[in-house]
Amino acid sequence: ATITTDDAFVTITDDAEDFGIIPAGNSVYCTDDFDISIASDVLGGTELMLDIAIEDNAGNTWNDMIFLVVEGANLDAVDYTIVNGGNGILDPGETGDISVTLANIGSVTADGIEGILRSSSGGITISDSVGTFESIPPGDEGNNYADRFVAEASYQILPGSQIPFTL
């Protein structure tokens, strides 16, 4: 049997195995195994697909797919707070700290989380774009309140403007 994949997250290092003689109506295990590695930046819950081609000594071929679900963290920004000693809004000409809450919708704890906050708006200057987050177990939330981002809104921004940020 031979496995292949078009998935950029999967590297196959041993793609072929011999299952020997398989009697009719039976199943067998291979004495060896296929070897793959999965990229470290795959989100938890991602489904990876491998193609398997099985050929017998008579030249008959069977094709099937193997689906693998990655166990890992999967973080989603669910809330934010602007800490500015005022109204919780980054008003024109104001500088404020930004705390972001992340939800881990994956299946393992996320540790050592570091986020980089960006904005393509010319009216926003981010003076501290790096924030670290506490460990977040699966099904829980965490934030960067202890290491917040810092952003400044230009005096040129119209009050009430909605500015997109990327984390």
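I started at G93, which counts as partly exposed at 22% relative accessibility. The model I am reading is a predicted one. G93 sits in the loop between β6 and β7. I looked up its contacts, leaving aside neighbours within four places in sequence, and found A153, S154 and Y155. I also checked a distance from G93 to I124, 31 residues apart along the chain. Their C-alpha atoms are separated by 9.7 Å.

**The largest pocket**

Next I turned to the pockets. What is the volume of the largest pocket? I noted about 650 Å³. I then listed its lining, which comes to 26 residues. Y80, I82, Q162, I163 and F165 lie nearest the centre of this pocket.

Which strand gives the most to this lining? β6 does, with five residues. I wrote down the spans as well: β6 covers 75–83 and β7 covers 95–104, and each supplies at least two residues of the lining. I sorted the lining by class and got 19 nonpolar, five polar and two charged residues.

**The second largest pocket**

By class I have eight nonpolar, two polar and four charged residues here.

**I52, in strand β4**

I stayed with β4 and picked I52, which is found in that strand. Is I52 buried or exposed? I52 has a relative accessible area of 11%, so it is buried; the cut-off for buried is under 20%.

I looked up what I52 touches, again leaving aside neighbours within four places in sequence. The list holds A1, T2, I3, F34, W62, N63, D64, M65 and I66. A1 also turned up in a distance check. I52 and A1 are 51 residues apart along the chain, yet their C-alpha atoms are separated by 6.7 Å.

**Two asparagines in loops**

I moved on to N57, found in the loop between β4 and β5. N57 is at 88% relative accessibility, so it counts as exposed. I checked N57 against I21, 36 residues apart along the chain, and their C-alpha atoms are separated by 9.3 Å.

N74 came next. It is found in the loop between β5, residues 61–69, and β6. Why does N74 count as buried? Its relative accessibility is 16%, and buried means under 20%.

I then asked what the side chain of N74 reaches. It reaches the backbone oxygen of G44 at 3.2 Å. G44 is also on the contact list of N74, together with L43, A103, N104, I105 and G106; neighbours within four places in sequence are left aside.

T101 lies in strand β7. At 17% relative accessibility, T101 counts as buried. I noted its contacts beyond four places in sequence: D76, A77, V78, D79, E141, G142 and N143.

D140 is found in the loop between β10 and β11, the latter being residues 141–143. D140 is partly exposed, with a relative accessible area of 39%. Not counting residues up to four places away in sequence, D140 touches L102, A103 and N104. I also took a distance from D140 to D14. The two are 126 residues apart in sequence and 37 Å apart in space, C-alpha to C-alpha.

**The ring pair**

Last, I looked for aromatic pairs. How many are there? The count comes to one. The pair is F133 with F149, and it is tilted, at 6.4 Å centre to centre and 55 degrees between the planes. It links distant parts of the chain, with its members 16 residues apart. F133 is in strand β10, residues 130–133, and F149 is in strand β12, residues 149–153.

Definitions and conventions. Residues are numbered from 1 along each chain as its sequence is written. This is a predicted model: local features need pLDDT of at least 70, side-chain atom pairs count only at pLDDT 80 or more; totals for chains, interfaces and linings use all residues. Side-chain values use heavy atoms; hydrogens and water are left out. On a 1 Å grid over the protein atoms alone, a cavity is a set of points where a 1.4 Å probe fits but cannot get out, and a pocket is an open set with protein on both sides within 12 Å along at least five of seven lines; lining residues have an atom within 4 Å of a point. Grid points are joined across faces, edges and corners, and a volume is the space filled by probe spheres set on the points. Helices (H or I, at least four residues) and strands (E, at least two) are DSSP runs, numbered from the N terminus. Ala, Val, Leu, Ile, Met, Phe, Trp, Tyr, Cys and Pro count as nonpolar, Asp, Glu, Lys and Arg as charged, and the others, Gly among them, as polar. Buried means under 20% relative accessible area, exposed over 50%, partly exposed in between (1.4 Å probe, protein chains only). A polar contact is a pair of N or O atoms within 3.5 Å; within protein, one must be able to donate a hydrogen and the other to accept it, and residues adjacent in sequence count only if both atoms are side-chain atoms. Contact means heavy atoms within 4.5 Å. Rings of Phe, Tyr and Trp (its six-membered ring) pair if their centres lie within 6.5 Å; planes under 30 degrees apart count as stacked, over 60 as edge-to-face and the rest as tilted.
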